[in-house]
Amino acid sequence: MKKKLIAGNWKMNGSLAANELLIKGLLAGVGQPVCNVAVCVPSVYLAQCHALLEGSVIELGVQDISSHESGAFTGEIAPAMLKEFGVHYAIVGHSERRQYHGETDEVVAAKAQRALSSGITPIVCVGETLAEREAGKTEEVVKRQLAAVIHANGHCISEIVVAYEPVWAIGTGLSATAEQAQQVHAVLRAQLKAATPSADRIKLLYGGSMNAANAASLLGQPDIDGGLIGGAALKAQDFLTIIAAAV
Ligand code: PEP
């Protein structure tokens, strides 16, 4: 059976002291989970987190990746550099990067491509805004966002992870209902099935105010293969409860 994935997105939070406390709390309680677990940390803390997580069941991820291999790209971090710190996952196309950094579908697709060719699994985020949902455009938007990644990545598409993150649910405390999330996941699964015979292998995560209280019902949906967790990933006990719900 496909293992679920619970990935924390720490966003721009943390400090040397807070990271150590959080990671030690996670390691003390995580045991041998039946799902895969990852934390996507601010890149400046990769060395610290890599050292703390070495040999553990918790894998390391980042929140963005360059679409370039190396060279004159001031401020960017080459994928090969991330690999040196044991990075396994890169969030790509998070709505905050689309919104605040102008990342287009094409840029997101190029980043996913670069991650894949560097041996890093992209967690590709798609999701509609509240205005788009209210205009009945949810399907159209998420399919357009995913289509760009499918188009750029051809047969490698079965190696990606997709995260459906409705923008209106991120950081608001207002999660999609399990039914709303499943409905969109089924659309995304069908789109992936049309693109690759291996679509069933692809993990489709839900993200947007997933927490210790609602995780079990979201993760119980047939097409929800895990979660991308923001706020609740900063509290060891909450994150551990979500991990335990991912059976
Ligand atoms: C996120 O930022 O990816 C996210 C899902 O945040 P939150 O869980 O806080 O809504």
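These legends describe views of one predicted protein model.

**View 1. The whole chain and its secondary structure.** The protein has 10 helices and eight strands, taken as DSSP runs (H or I of at least four residues for helices, E of at least two for strands) and numbered from the N terminus. Its radius of gyration is 17 Å, close to the 18 Å of the globule rule for 247 residues, so the protein is as compact as a globular protein of that length. That radius is taken over C-alpha atoms, and the rule is 2.2 Å times the number of residues to the power 0.38. Along the principal axes, the C-alpha trace spans about 45 × 45 × 35 Å.

**View 2. Buried residues of helix 2.** Helix 2 covers residues 46-53, and its buried residues are Leu46, Gln48, Cys49 and Leu53. Buried means under 20% relative accessible area, with a 1.4 Å probe and protein chains only. Seen down the helix axis, these residues fall within an arc of 160 degrees, so they line one face of helix 2. The arc is that of the directions from the helix axis to the C-beta atoms.

**View 3. What lies over helix 2.** The cover of its buried residues includes helix 1 (16-30), strand 2 (36-40), strand 3 (58-62), helix 3 (79-84) and strand 4 (87-92). Contact here means heavy atoms within 4.5 Å.

**View 4. The residue Gly55.** Just after helix 2, Gly55 takes a positive phi of about 80 degrees.

**Notes.** Residues are numbered from 1 along each chain as its sequence is written, and side-chain values use heavy atoms, without hydrogens and water. Local features need pLDDT of at least 70, side-chain atom pairs count only at pLDDT 80 or more, and totals for chains, interfaces and linings use all residues.

Conventions:
Buried means under 20% relative accessible area, exposed over 50%, partly exposed in between (1.4 Å probe, protein chains only).
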